[in-house]
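Hello,

Here is the structure we talked about. Please open it alongside these notes.

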Amino acid sequence: MKARVLIRPKEGILDPQGKAVERALPALGFDGIEHVRVGRMVELEAEDPGRLAELCSKLLANPLIEDFEIESIDGA
Amino acid sequence: MLWGVLQFPGSCDERDAVRACSLAGEARLLWHEDPDLGGVDAVVVPGGFSYGDYLRAGAIARISRAMESVAEFAAAGGPVLGICNGFQVLCEAGLLPGALLRNEDLRFVCRQVELVAVEADSPFLAGIEAGETLSIPVKHGEGRYYAPPEVLERIEAGGQVAFRYAPGQNPNGSVGDIAGVLNEAGNVLGLMPHPEHAVDAMTGSTDGLRLFAGVQGAFV
């Protein structure tokens, strides 16, 4: 299975990268953009998709500070 | 006593750590692929950018074979000191509570800070009174200590906060001005400031040496 893992800072945790992006946008004429959050995306191919969630919580994300979601991208 | 200082690809403060340790005993480097800690009495996980900080700071280093041995060593009560990236590694390994996030203002900070010692039971604090102030440098981009509210409450109540940045000197937005934390047993300490860079009057402060001397005192 081809999968895409999206990792983002947990709700409520200050994301200074998101804030910096948000503050930069008006200078380019993009007004009205709020709540920007910057995370990470990992693509991978797994023989056994059953263990993906475990892999994410053990390595790809730190569950204390990050949420993750796994999307199948087979046939995409 | 014999100190062991771990060395990962990307470590950069291991030489200073060895020098600091050698002022409070003898010291040797330990390679990250070697599970044999060589009978050391205490371990330092030094600062730097292990594995280029890929994924998250400390996330890859904590999987190393030497770190498995360090976890066993810590569980048996051995003193373990994680400095900066070493603190991040110990948090990722679950040997310390919480996590280190990107500095609040996104800037890499490099400056001398004042740390206030907190009442806590640890060999690293043996020669330091609660309320004393230590002058020690910080240099990091990801040092904002964070723990979920329930964890924070537990470590505050359990005497696991070892050092706070002095009022007005929090360089990174750490919750509760926390600069260093202990495990429950008190034998594992992680802190963002660099005591190994404050062991010689030539660089302005020798306060960092007191952490190493505290542990040495327990072995004499």
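**Strand pairs in chain B**

Leu115(B) stands opposite Tyr165(B), a residue of β9(B). This is a predicted model, in which local features need pLDDT of at least 70, side-chain atom pairs count only at pLDDT 80 or more, and totals for chains, interfaces and linings use all residues. Residues are numbered from 1 along each chain as its sequence is written, and chains are lettered from A and ligands numbered from 1 in the order in which they are written.

Strand β6 (residues 109-117) of chain B runs antiparallel to β9(B), and three bridges join them. On pairing: two strands pair if DSSP finds at least two bridges between them. Helices (H or I, at least four residues) and strands (E, at least two) are DSSP runs, numbered from the N terminus. β9(B) is also joined by three bridges to strand β10 (residues 178-182) of chain B, again antiparallel. There, Val161(B) has Val181(B) of β10(B) as its bridge partner.

Strand β9 (residues 161-165) of chain B is mostly covered, with four of its five residues buried. Buried means 20 or more other C-beta atoms within 10 Å of the residue's own; exposed means 12 or fewer; partly exposed is in between; C-beta atoms are placed from the backbone.

**Chain B as a whole**

Chain B has five helices and 11 strands. Its radius of gyration is 15 Å, close to the 17 Å that the globule rule gives for 220 residues, so chain B is as compact as a globular protein of that length. That radius is taken over C-alpha atoms, and the rule is 2.2 Å times the number of residues to the power 0.38. The C-alpha trace of chain B spans about 40 × 40 × 35 Å along its principal axes. Of its 220 residues, 55% count as buried.

Among contacts in chain B with a separation of 6 or more, 75% come from residues 24 or more positions apart. Two residues are in contact if their C-beta atoms, placed from the backbone, lie within 7 Å.

Helix α3 (residues 85-92) of chain B is largely enclosed by the rest of the structure, because eight of its eight residues are buried. Phe87(B), Val89(B) and Cys91(B) are among them. The buried residues of α3(B) pack against β3 (42-45), β4 (80-83), β5 (99-101) and β11 of chain B. Just after α3(B), Gly94(B) has a positive phi of about 80 degrees.

Leu90(B) also belongs to the largest nonpolar core, which has 72 residues. Such a core is a set of buried Ala, Val, Leu, Ile, Met, Phe, Trp, Tyr and Cys residues joined through C-beta atoms within 7 Å. Leu90(B) is listed with Val5(B), Cys21(B), Val43(B), Val44(B) and Ala162(B) as having the most contacts inside this core. Helix α2 (residues 65-75) of chain B gives the most to this core, with five residues. Beyond four places in sequence, the contacts of Leu90(B) include Val45(B), Gly82(B), Val188(B) and Gly190(B).

**Two partly exposed residues**

Asp207(B) sits in the loop between β11 (188-191) and α5 (209-219) of chain B. Why does Asp207(B) count as partly exposed? Because it has 19 C-beta neighbours inside 10 Å. Leaving aside neighbours within four places in sequence, Asp207(B) touches Leu134(B), Ser135(B), Ile136(B) and Ala198(B). Pro195(B) is 12 residues from Asp207(B) in sequence and 7.2 Å away in space, C-alpha to C-alpha.

Ala75(B) is in helix α2 of chain B. Ala75(B) counts as partly exposed because it has 13 C-beta neighbours inside 10 Å.

**Chain A and the interface**

Chain A has an open sheet of three strands in the order β2-β1-β3, with antiparallel pairing. Its edge strands are β2 (40-45) and β3 (66-72) of chain A, each pairing on one side only. Strand β1 (residues 2-9) of chain A pairs with β2(A) over six bridges in the antiparallel sense. Ala3(A) has Leu44(A) of β2(A) as its bridge partner.

At the interface, 11 residues of chain B are in contact with nine residues of chain A.

Best wishes
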